[in-house]
Amino acid sequence: MTRRYIAAIDQGTTSSRCMIFDADGAVAAWAQREHRQIFPRPGWVEHDALEIWANVEQVTAEAMSRLTVGPSDIAAVGITNQRETTLLWDRATGVPIANAVVWQDTRTAALALDLGRDGGQDRFRDLCGLPLATYFSGPKIRWLLDNVEGGRAGAERGEILFGTIDSWLIWKLTGRHVTDVTNASRTMLMNLATLDWDDSLLAAIGVPRAMLPQIRSSSEVYGTARGVLEGVPVASALGDQQAALFGQTCFRPGEGKCTYGTGNFLLVNTGETSVPSTHGLLTTVAYRVDGQRAVYALEGSIAVTGALVQWLRDNLGFIGSAGEIEALAASVPDNGGCALVPAFSGLFAPHWRPDARGVLVGLTGYVTRAHIARAALEAVAWQTREVVDAMAADSGRPLDILKVDGGMTANGLLMQIQADVLDAPVVRPRVPETTCLGAAYAAGLAVGFWPDLETLRAQWKADADWSPSMTSEVRDRGYAHWRKAVQRTLDWEDSAG
């Protein structure tokens with residue numbers, strides 16, 4: 001019998017899920033499970049990789065069970081993952097030598113400053129497209145090697161392996177130690193021109209080549225799965241934001257999307273040429289289909305958006321569930337004069353200020369939790385506006401339309417605020433969780449389930465759209481108010497971490 005479905009594993013910052021898609025790109029079944037967020041010290045964020053793997057196995061089995069299918073019905077499985085999160089494990093035992101250091105973690109702030117003393121924050125940008133920041137994997141690897149007993153000696157012998165979460169899952173599924181170009185491009189260790197590990201970057205940051213995975217295309221068969229997916233080809237890996245770009249079928253230069261998840265991530269396809277940024281954006285690999293040239297992108301990354309709603313729920317108790325924030329924020333017409341800037345891990349694009357910390361300003365006796373909830377949604381929209389402005393400055397063209405995806409796009413009020421502050425239409429696709437769809441598309445291409453990119457493009461359908469209704473006067477006043485609040489976040493951490 002012909003295999004009828006493609007599976008995608010989405011290992012995200014707060015949860016793991018498996019989605020199963022049919023030939024039309026529609027979701028046939030899914031399952032999801034959250035994992036713990038571990039905060040050993042202020043600014044430190046960790047995950048238990050063994051817990052993540054157990055959850056991945058569970059949600060994959062559950063999704064297949066809900067559809068009443070088995071591995072024989074799955075043509076291929078693709079992987080999409082939280083990027084930059086850094087894990088080291090023992091080659092012989094497969095056991096991590098420490099918790100995974102999450103992309104939000106700021107423990108490498110001092111190391112990033114030290115590395116930048118000779119050449120500044122952009123010391124390595126010409127080679128890897130990235131500024132020196134706590135965000136990326138290379139300095140996290142260095143920190144683990146310097147702080148976990150026996151880590152460096154084992155890494156130099158090739159006994160301790162490094163991987164981003166895609167590598168960890170591929171290792172657990174197939175026993176192969178590989179990564180794809182999109183995840184490798186987020187480490188500060190890969191040369192954007194050669195698409196290989198760069199010896200000068202490895203030497204400067206202090207990472208042994210012997211511990212690194214092989215870099216492969218985003219869409220190709222890496223191996224055959226064991227366990228719950230026994231016999232299924234593992235056929236794609238894409239960092240979550242590149243997967244969303246792929247799922248939104250942004251295959252042509254100038255096409256882009258914004259994903260609303262734990263953070264916000266805006267990517268625009270720049271074609272087969274990497275474009276350097278002069279406005280605080282990242283140059284990254286968008287995807288590579290096996291046998292074809294790599295496609296590049298410009299990216300603006302915002303650390304805290306959906307995580308801000310989670311913080312209001314879990315830390316302050318403002319809401320009982322994330323979905324409640326829309327009604328609470330809609331119960332007031334504006335923010336009551338307050339502003340909330342969630343610089344919990346510093347500010348990412350376009351500022352790149354690890355010394356920044358979150359602020360809630362403009363408080364008076366009039367302000368209620370509803371005003372703060374609305375200010376939280378506005379913070380998501382204004383942060384996105386800053387990145388859109390930087391993207392227009394680098395690309396030389398203003399934004400015509402914003403394709404959006406991710407869990408927060410279910411919030412209609414947020415989407416309307418976003419259209420208003422951008423003064424541009426916002427469009428949500430039929431399948432809003434395009435990270436999974438992009439991984440499925442790439443896996444399906446690798447095994448011939450779908451024939452080509454144009455077939456995928458023809459499947460994209462709009463589900464909802466929002467048009468701007470805010471006057472330019474109100475918009476400009478709100479932006480000035482926001483930028484004033486951002487200034488209050490700066491220089492809080494004297495040592496930048």
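How far apart are the end C-alpha atoms of H12, and what span should its 27 residues have? The end C-alpha atoms of H12 are 39 Å apart, which agrees with the 39 Å that its 27 residues should span at 1.5 Å a residue, where the expected span is 1.5 Å times one less than the number of residues. The model is predicted, so that local features need pLDDT of at least 70 and side-chain atom pairs count only at pLDDT 80 or more, whereas totals for chains, interfaces and linings use all residues. Residues are numbered from 1 along each chain as its sequence is written, and side-chain values use heavy atoms, with hydrogens and water left out.

Helices and strands here are DSSP runs numbered from the N terminus (H or I of at least four residues for helices, E of at least two for strands). Of the 27 residues of H12, 22 are buried, and the helix is thus mostly covered; buried means under 20% relative accessible area, exposed over 50%, and partly exposed in between, with a 1.4 Å probe and protein chains only. After H12 comes Gly396, with a positive phi near 80°.

The largest nonpolar core holds 139 residues, of which Tyr135, Met211, Phe246, Tyr260 and Tyr287 touch the most other members. Helix H12 (residues 369-395) gives the most to this core, contributing 14 residues. Such a core is a set of buried Ala, Val, Leu, Ile, Met, Phe, Trp, Tyr and Cys residues joined through side-chain atoms within 4.5 Å. Apart from it lies another core, of 36 residues, with Val56, Met64, Trp89 and Tyr222 among them. The contacts of Tyr287 (heavy atoms within 4.5 Å), not counting residues up to four places away in sequence, include Phe246, Cys250, Phe251 and Leu453.

Aromatic rings form a further theme, with 18 aromatic pairs found in a search of the whole structure. Rings of Phe, Tyr and Trp (its six-membered ring) pair if their centres lie within 6.5 Å, and planes under 30 degrees apart count as stacked, over 60 as edge-to-face and the rest as tilted. Phe348 and Trp352 form a stacked pair, at 5.3 Å centre to centre and 20° between the planes; Phe348 counts as buried at 5% relative accessibility, and Trp352 counts as buried at 6%. The pair of Tyr441 and Trp450 is edge-to-face, because the planes stand at 90° with the ring centres 5.1 Å apart, and both Tyr441 and Trp450 are buried. Ring pairs also link Phe348 and Trp352 with Trp103, Tyr135, Phe136 and Phe265 into a cluster.

The peptide bond from Ala349 to Pro350 is cis, with omega near -5°, and Pro350 is placed in the loop between strand S19 (339-341) and strand S20 (359-361). Most residues other than glycine have a negative phi, and most peptide bonds are trans. Glu84, however, has a positive phi near 70°, lies in the loop between strand S5 (74-81) and strand S6 (87-90), and is buried, with a relative accessible area of 2%. Thr249 has a positive phi near 55°; its place is in the loop between helix H9 (240-247) and strand S15 (256-260), and at 2% relative accessibility Thr249 counts as buried.
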